[in-house]
Amino acid sequence: MSDVNPSALDPSIAARLKRDELGLVCAVVQDDAGGDVLMVGWMDDEALHRTLTTGRAWYWSRSRQEYWRKGDTSGHTQHVRSVALDCDGDALLVRVEQIGPACHTGTRTCFEAGGDLGAVVGGQTPEAGR
């Protein structure tokens, strides 16, 4: 990961990141056109630098211990439209133009593949607003 090879990530951006114990930040990937949440990936400083400077989404694979650019093997690419950091610095929102399915299972989103867990649907009652 990036601690072996220092990243060229802008130091002012790097200073704002709150990384986990592995040096990673959660990246929530959203379809820019439709708003669907497509997947979640993990980025270290180098993956974020590559994402910000190449126009394609890069991630750190925790299982393979290597960088991967979405679509290099599947052809299902992600073209970056914007990247935002949340208020705590521990999550990124990566808005992309998704070409093909986002999930390695072949579904449009990884959340289709995982399926709904049947949560009780909540709602605000009129009394709660008072």
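Biologist: Before we start: buried means under 20% relative accessible area, exposed means over 50%, and partly exposed is in between. Which of those is Phe-111?

Modeller: Bear in mind that this is a predicted model. In it, Phe-111 has a relative accessibility of 47%, so it counts as partly exposed.

Biologist: Where along the fold is Phe-111 found?

Modeller: Phe-111 is in helix 3, which covers residues 110-114.

Biologist: Let's switch to the inside. How many residues are in the largest nonpolar core?

Modeller: That core has 19 residues. Val-29, Met-43, Tyr-59, Leu-92 and Val-94 have the most contacts inside it. Strand 1 (25-31), strand 2 (37-43), helix 2, strand 3 and strand 6 each give two or more residues to this core. As a general point, nonpolar side chains tend to be buried together in soluble globular proteins.

Biologist: Take Met-43, then. What does it touch, leaving out residues up to four places away in sequence?

Modeller: Tyr-59, Leu-92 and Val-94 are among its contacts. Met-43 also touches Gly-23, Leu-24, Val-25, Ala-27, Leu-48, Thr-51 and Trp-58.

Biologist: Nice. Now charges: how many salt bridges does the structure hold?

Modeller: There are eight. One of them pairs Glu-46 with Arg-50, with 3.0 Å between the closest N and O atoms.

Biologist: Where do Glu-46 and Arg-50 lie?

Modeller: Both are in helix 2 (residues 45-54), and they sit four residues apart, about one turn of the helix.

Biologist: Is Glu-46 buried or exposed? And what does Arg-50 count as?

Modeller: Glu-46 has a relative accessible area of 14%, so it is buried. Arg-50 comes out at 23% relative accessibility and therefore counts as partly exposed.

Biologist: Which residue forms a salt bridge with Arg-56?

Modeller: That would be Asp-72, and the closest N and O atoms are 3.5 Å apart. Asp-72 lies in the loop between strand 4 (66-69) and strand 5 (78-85), while Arg-56 is in the loop between helix 2 and strand 3 (58-61), so the pair ties together parts that are 16 residues apart in sequence.

Biologist: What about Arg-69: which residue does it form a salt bridge with?

Modeller: Asp-72 again, with the closest N and O atoms 2.9 Å apart. Arg-69 counts as partly exposed because its relative accessibility is 27%. Through shared partners, salt bridges join Arg-56, Arg-69 and Asp-72 into one network.

Biologist: One more arginine. Where is the place of Arg-95, and what does it count as?

Modeller: Arg-95 is in strand 6 (residues 91-98). Its relative accessibility is 22%, so it counts as partly exposed.

Biologist: Which side chain does the side chain of Arg-95 make a polar contact with?

Modeller: The one on Gln-30, at 2.7 Å. A polar atom of the Arg-95 side chain also lies 2.8 Å from the backbone oxygen of Asp-32.

How values were computed
Residues are numbered from 1 along each chain as its sequence is written. This is a predicted model: local features need pLDDT of at least 70, side-chain atom pairs count only at pLDDT 80 or more; totals for chains, interfaces and linings use all residues. Side-chain values use heavy atoms; hydrogens and water are left out. A salt bridge is a side-chain nitrogen of Lys or Arg within 4 Å of a carboxyl oxygen of Asp or Glu. Buried means under 20% relative accessible area, exposed over 50%, partly exposed in between (1.4 Å probe, protein chains only). A polar contact is a pair of N or O atoms within 3.5 Å; within protein, one must be able to donate a hydrogen and the other to accept it, and residues adjacent in sequence count only if both atoms are side-chain atoms. A nonpolar core is a set of buried Ala, Val, Leu, Ile, Met, Phe, Trp, Tyr and Cys residues joined through side-chain atoms within 4.5 Å. Contact means heavy atoms within 4.5 Å.
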